[in-house]
Amino acid sequence: MADLETFRRETRAWLEENCPQSMRSPVQSDADQCWGGRNWAFKSEDQRVWLERMAEKGWTAPDWPTEYGGGGLSKEEHKILREEMARIQARPPLASFGVWMIGPAILKFGSEKLKKQHLPPIVRGEIRWCQGYSEPGAGSDLAGLQTRAEDKGDHFIVNGQKIWTSYADKADWMFCLVRTNPDVKKQLGISLVLFDMTTPGVTTRPIKLISGSSPFCETFLENVRVEKDQVVGEIDQGWTIAKYLLTHEREMIGGMGRTAAGQKTLSELAVDALGLEDGRLADSMLRSEVARWDLDARAFELTAERVLDEAKAGQGVGNTSAMLKYYGTELNKRRQELLMAMHGSDAMVWEGEDWREGALPRQWLRSKGNSIEGGTSEIQLNVISRNILGLR
Amino acid sequence: MAGLVLNDEQQMLKDAAQRFFADRAPVSALRRLRDERDATGFSRELWSEMVEMGLVGTLIDEALGGTGFGNVGMGLIAEEAGRNLSASPLLSTAVLGASLVQLAGNDSQKQALLPAIADGSRLTALALDERPRHAPRHIETRAEQNGDGFTLSGRKINVIDGHVADTLIVAGRSTGQPDDSEGLTLLLVDRDAAGVSVQRTIMVDSRNAAIVTFDNVHVPADAVLGTPGKGWKPLQRVLDIANAHLAAELLGIAQESFERTVKYLQERKQFGVTIGSFQGLQHRAAHLFSEIELVKSAVLKALQALDDGDERTPEMVSLAKAKACEVAELATNEGVQMHGGMGMTDEFDIGLFLKRARPVQQLFGDYRYHADRFAALRGY
């Protein structure tokens, strides 16, 4: 315990000294995030410095082993770091599918070569990754993917098309599910491969969404050469890793409805928008709906906390990621609907500086995708009923 | 801080309570009490066994004959009692009576009452509500100073176990208007005292609540619980304690209804397949599963907040009760619907869970009451 107290003291002092002032306010939108990568243009000198300093300590990936550039922190130390960052509202120095998704998968399933090659650049924010999972014909039925990887001895030749690839047009490398064996049960012939997006034959095309932005792409793969040592885990065993990554992704997306430290809560925003009468929100019907959301959101936060605590204590049933993803994304959609309702016609404005260039309707529209990406709500409910409730 | 998990001792208590209620007070025991029109409404033998197991003294300090296991412990007991629809004076006596005396009583009252509650020799009941929808400050019952003592007049409803309680704890108004927080006085009144009349009412869940009328009942000065006129503060705290345990009971009811329903979906066949293979039912079941997970977290948090003296306890309790009411209502309604025609029969137990859930929801405030209180506590 004394060690942890020392760690807290030192962490606090280090953050005080090293976190630039402008990095001490909540991330308001995607534009405030630092994604890193070969082509990243830092939004400010502070953003660059903050990433560099944190990466040097390995605190962009605090719980990864130090030998791969990570922070080597224990669960308790990692928690303290999070708390101390939240205390000064320090922004995450790096938003990264490398840190969140493929890094943990390489750590768990990858060869020593892959760990040495890929993990340190992820920690330093030098390589930006994208995920090649869905295909035009394989959405909810992901295991039905058709992108072919033909065995050419020491390498594969990959042909096919991926869709909903987040930021493929900005990414440096892709982790990609491909079919290495078409002659077995569909889950048993899939491999997870890694390749550079500048490899000949890789092209991307952004997809414009109802929110007006283009965070996703179509990615076309035409005779793309992938070295065999870039297979994560065993050939044909990619589905296990894909499921592991989907679990990660669900937990991540499920967490999006939560209010980050320093952000205004929904009820505070409602007070700003509607005002109080005798200490109560002036619109009684909206008040009931905000309260219902608030109760659910608070109980959901406690549940995410309980699931972690149970895992730490070695209790609990596990298998909760589908529930967290389902409930968290539905909560976020309800939150966005309430924000739209409480701001009335102001929330309908699409362009104009006074309305932050239509931020409200754009984030509302974007939230509709939360219950689709990473497995739809309906797929999550299928997973719960089949895997947990034994209904089939 | 251990986090939102049970420690080993609490886990052991939960296991013991689970075995005890399933074995000694299962749903069939409630049916027997109902069908035999039992005058007490619960089994005194069961109560003695609960005393022996130390369950009754869970909230009472060890020095006064209890186990001092705290609210997390009592919540686990309430949850298991909820799963089995076990009828007993657990709430009226071991929760409400024990907590109120401990919070507001003077030393001699504690010495006289708490060991007697823990050893099962004394039953208590809280006479609070006067309106069918919970409104704890709406008290018209007069508790007027009369020499050293008080004179009590008025009418109380929904007095849980009022027909068997040895001691009634009555909230009367000494000054002010109905709905004022000031001026409430808590009085200990013998059920047999002159001027007290008790009318037993059998409720939809086959349990008991009483209508109690006080007609110029003389209450001596030493039967005032706490400071005259200052009863609102301990009452509020006791209502938070009780609501956390009611939420725990609702969690037990919701889980048991749900598990029985899932089992039925796995067994019942139509169109040549089990009805659990239909996605229309699967998704409703999976949604309900998620909601119950949320209730588990909210209930444990409220119970821990009570034990830790967390300043946000009222907010946590209203969160737990509101969410537990909402989900128990959904779970019992879905339970009956998914059992189809069988759900409408008295022969199947599922209807008994529906019938128990509603009075527990109503007692000391339902979803609406606690959602409103939660919002007010959160500043809107």
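A: The answer starts with the contact, then turns to the cores and the salt bridges.

This is a predicted model, so local features need pLDDT of at least 70 and side-chain atom pairs count only at pLDDT 80 or more, while totals for chains, interfaces and linings use all residues. Residues are numbered from 1 along each chain as its sequence is written, chains are lettered from A and ligands numbered from 1 in the order in which they are written, and side-chain values use heavy atoms, with hydrogens and water left out.

On the chain B side, B:Leu4, B:Leu294 and B:Tyr380 supply 21% of the area buried against chain A, more than any other three residues. Buried area here is the accessible area (1.4 Å probe) that two parts lose on being put together, summed over both.

Six salt bridges join chain B and chain A; each is a side-chain nitrogen of Lys or Arg within 4 Å of a carboxyl oxygen of Asp or Glu. B:Arg378 pairs with A:Asp294 in a salt bridge, with the closest N and O atoms 2.8 Å apart. The next residue, B:Gly379, lies in the segment after H11 of chain B. B:Gly379 touches A:Val271, A:Leu276 and A:Gly279, not counting residues up to four places away in sequence. B:Gly379 is partly exposed, at 39% relative accessible area (buried is under 20%, exposed over 50%, partly exposed in between; 1.4 Å probe, protein chains only).

A polar contact is a pair of N or O atoms within 3.5 Å; within protein, one must be able to donate a hydrogen and the other to accept it, and residues adjacent in sequence count only if both atoms are side-chain atoms. Helices (H or I, at least four residues) and strands (E, at least two) are DSSP runs, numbered from the N terminus. Between chain B and chain A, 19 residue pairs are in polar contact, both at pLDDT 80 or more.

Now the cores. A nonpolar core is a set of buried Ala, Val, Leu, Ile, Met, Phe, Trp, Tyr and Cys residues joined through side-chain atoms within 4.5 Å. The largest has 156 residues, and B:Phe21, B:Leu152 and B:Phe214 are among those with the most contacts inside it. H7(B) gives the most to this core, 18 residues. Another core, of 39 residues, lies apart from it and includes A:Trp40 and A:Tyr167.

Over all chains the count is 61. A:Glu83 and A:Arg8 form one, at 2.9 Å from N to O. This pair links helix H3 (residues 75–87) and helix H1 (residues 2–18) of chain A, 75 residues apart.

Definitions and conventions
Contact means heavy atoms within 4.5 Å.
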